[in-house]
Amino acid sequence: MERFDFELDDTFDLAMDGDLSVGPSDSQHIQLIAQSSPLNWKATPQLGIDAIKYVNGPENKKADFTKAVKTNLIMDGYKNIQVDLSAGIKDFKVSAEDAI
C-alpha cells in the first residue's frame, strides 16, 4: 500500500496550486529520510541517514550507506528494501514496500 501525504516541491516546501495537494509520498519520505540527520525528527529522533556524509566520504562506504538506508527505512515502516548504487551514492535509487 502506498503512502499519501501533502506534496512538497523541489525545495521541500508545501506544493501549492491554489490549495494544498495530497499525493503518493513514498519517494519524498525516502528523500527526506536520506537528507535528514539523526535528531531532526521529533517523533523518531534516531531516524535520518545524513547522506551527505557518505557522498563526500570515501568510496568504500557503500556497504555502510546501504545498511543505513535499509535500517532507517525499516524504522519508518518499509520492507523488501532494495538499494541501487550503480550510479553512485549521490544518485542512489531505492525500491521498498510499505509494511503497514
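These notebook entries record what I looked up in the structure above.

**Entry 1: the model**

I note at the outset that this is a predicted model, in which local features need pLDDT of at least 70 and side-chain atom pairs count only at pLDDT 80 or more, while totals for chains, interfaces and linings use all residues. Residues are numbered from 1 along each chain as its sequence is written, and side-chain values use heavy atoms, with hydrogens and water left out.

**Entry 2: the whole chain**

I looked up the elements and found three helices and four strands. Helices (H or I, at least four residues) and strands (E, at least two) are DSSP runs, numbered from the N terminus. In sequence order I read the pattern β-β-α-α-α-β-β.

I then checked the overall dimensions. The C-alpha trace spans about 45 × 30 × 30 Å along its principal axes.

The chain exposes about 6700 Å², of which carbon and sulfur atoms supply 52%. Accessible areas come from the Shrake-Rupley method with a 1.4 Å probe, and for residues only the protein chains shown count as cover. Of the 100 residues, 30% are buried. Here buried means under 20% relative accessible area, exposed means over 50%, and partly exposed lies in between (1.4 Å probe, protein chains only).

I also looked at contacts (heavy atoms within 4.5 Å). Among those with a separation of 6 or more, 25% join residues 24 or more positions apart.

**Entry 3: the nonpolar core**

Which residues have the most contacts inside the largest nonpolar core? I found Ile49, Tyr54, Phe65, Val69 and Leu73, in a core of 16 residues. The elements that give two or more residues to this core are α1 (26-35), α3 (62-75) and β3 (78-84). Helix α3 gives the most, with four residues. A nonpolar core is a set of buried Ala, Val, Leu, Ile, Met, Phe, Trp, Tyr and Cys residues joined through side-chain atoms within 4.5 Å. In soluble globular proteins, nonpolar side chains tend to be buried together.

I followed tyrosine 54 further. Not counting residues up to four places away in sequence, Tyr54 touches Ile49, Lys61, Asp64, Phe65, Ala68 and Ile89. Asp64 is found in helix α3 and is partly exposed, with a relative accessible area of 38%. The C-alpha atoms of Asp64 and Tyr54 are separated by 8.5 Å, and the two residues are 10 apart along the chain.

**Entry 4: helix α3**

I took α3 next. This helix has 14 residues and reaches 20 Å from its first C-alpha to its last, close to the 20 Å expected at 1.5 Å a residue. The expected span is 1.5 Å times one less than the number of residues.

Its buried residues are Phe65, Thr66, Ala68, Val69, Asn72 and Leu73. They lie on the same side of α3 because they cover an arc of only 160° around the axis. The arc is that of the directions from the helix axis to the C-beta atoms. An α-helix has 3.6 residues a turn, so residues three or four places apart point the same way. On the other side of α3, I found Ala63, Lys67 and Ile74 exposed.

The buried residues of α3 pack against α1, α2 (52-55), β3 and β4 (93-98). After α3 comes glycine 77, with a positive phi near 95°.

**Entry 5: helix α1**

In α1, I listed Asp26, Gln28, His29, Ile30, Ile33 and Ala34 as buried. Their cover includes β1, β2, α3, β3 and β4.

Where does phenylalanine 12 lie? I located Phe12 in the loop between β1 (4-6) and β2 (22-24). Phe12 is not a glycine, yet its phi is positive, at about 65°. At 27% relative accessibility, Phe12 counts as partly exposed. Leaving aside neighbours within four places in sequence, Phe12 is in contact with Gln31, Leu32 and Gln35.

Leucine 39 also has a positive phi, near 80°. I placed Leu39 in the loop between α1 and α2. Its relative accessibility is 70%, so Leu39 counts as exposed.
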